[in-house]
Structures are given as C-alpha cells and as structure tokens.
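Here is a short report for a reader who is new to this structure. Look at the sequence and the model first, then read on.

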Amino acid sequence: MAVRRQFGRRTAEPDAADFLLREIERRMFERMQLIRAAPARVLDVGCGLGAGTRALAARYADAQVIGID
C-alpha cells in the first residue's frame, strides 16, 4: 500500500518527486566520462521515469540497456 501511494505521488508531480534522483544521476554521468568500459548489457535499477535509462542507451549505443523500477 505504501509503495502504491509513493508511485501515485510521483505520477502527480514527477519533477518535484525526482529532484534528488536527477542530481545523483547527473553526478554519476559526470563520473562515467572517466570509465572506458564498453558493456554488452546495462541494467538501470530504480530507473524511475527512465531519463537515466535513455541517457545510458545513448552513451552505450551497442549495449542492451534495461531499466527497471
């Protein structure tokens, strides 16, 4: 029940609910510039609305990118 309420609040105001997640995502992508790995698969756990998953798919165009929340 609590999970359902949380997702309901996120749907009503997605920008307000995800501000911290977007900041963490931004910082992680900054640090990823240092990594030279070319993964075959990428799993984005806790992807929320999927913005990070789309960015990962763009960065690793040859990889299978999956987002789950």
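I68 is partly exposed, because its relative accessible area is 42%. I68 lies in strand β2. This is a predicted model, and strand β2 (residues 64–68) has the highest mean pLDDT among the elements of the protein, 96.

Which residues does I68 touch, leaving aside its neighbours within four places in sequence? The contacts are L43, D44, V45, G46 and C47.

T53 sits elsewhere in the chain, in helix α4 (residues 51–59). T53 and I68 are 15 residues apart along the chain, and their C-alpha atoms are separated by 9.1 Å. Is T53 buried or exposed? T53 has 13% relative accessibility, so T53 counts as buried. The cut-off for buried is under 20% relative accessible area. Not counting residues up to four places away in sequence, T53 touches D44, C47, V65, I66 and G67.

## The nonpolar core

In soluble globular proteins, nonpolar side chains tend to be buried together. The largest nonpolar core here has six residues. They are F29, M32, V42, L56, Y60 and A63.

Y60 belongs to this core. Leaving aside neighbours within four places in sequence, Y60 is in contact with M32, A37, P39, V42 and V65. Among these contacts, M32 and V42 are core members too.

Side chains of opposite charge can pair when their charged atoms come close. How many salt bridges does a search of the whole structure find? The search finds three.

| Pair | N to O distance |
|---|---|
| R26 and E23 | 2.6 Å |
| E23 and R27 | 2.8 Å |
| R26 and E30 | 2.4 Å |

Salt bridges that share partners join E23, R26, R27 and E30 into one network.

R26 and E23 are three residues apart in helix α3, so about one helical turn separates them. E23 and R27 both lie in helix α3, four residues apart, about one turn of the helix. R26 and E30 also lie in helix α3, four residues apart, again about one turn.

How exposed are these side chains? E23 counts as partly exposed because its relative accessibility is 27%. R26 is partly exposed, with a relative accessible area of 40%. R27 is partly exposed at 44%. E30 counts as partly exposed at 46%.

## A nonpolar patch on the surface

F19, L20, I24 and M28 form a nonpolar patch on the surface. Together they have about 430 Å² of accessible area. L20, one of the four, lies in helix α3 (residues 19–32).

The protein averages a pLDDT of 84. Of the residues, 84% score at least 70. Which element has the lowest mean pLDDT? That is helix α2 (residues 14–17), with a mean of 62. Where pLDDT is low, the predicted coordinates should not be read in detail.

Notes
Residues numbered from 1 in each chain as written. Predicted model: local features only at pLDDT ≥ 70, side-chain atom pairs only at ≥ 80, totals over all residues. Heavy atoms only, no water. Core = buried A, V, L, I, M, F, W, Y, C linked by side-chain atoms within 4.5 Å. Buried < 20%, exposed > 50% of the residue type's maximum accessible area, 1.4 Å probe, protein only. Contact = heavy atoms within 4.5 Å. pLDDT = per-residue confidence, 0-100. Helix = DSSP H or I, 4+ residues; strand = E, 2+ residues; numbered from the N terminus. Patch = residues over 30% accessible without salt bridge, like charges linked within 9 Å, V, L, I, M, F, W, Y side chains within 5 Å. Areas by Shrake-Rupley, 256 points an atom, 1.4 Å probe, with all protein chains shown as cover. Salt bridge = Lys/Arg side-chain N within 4 Å of Asp/Glu carboxyl O.
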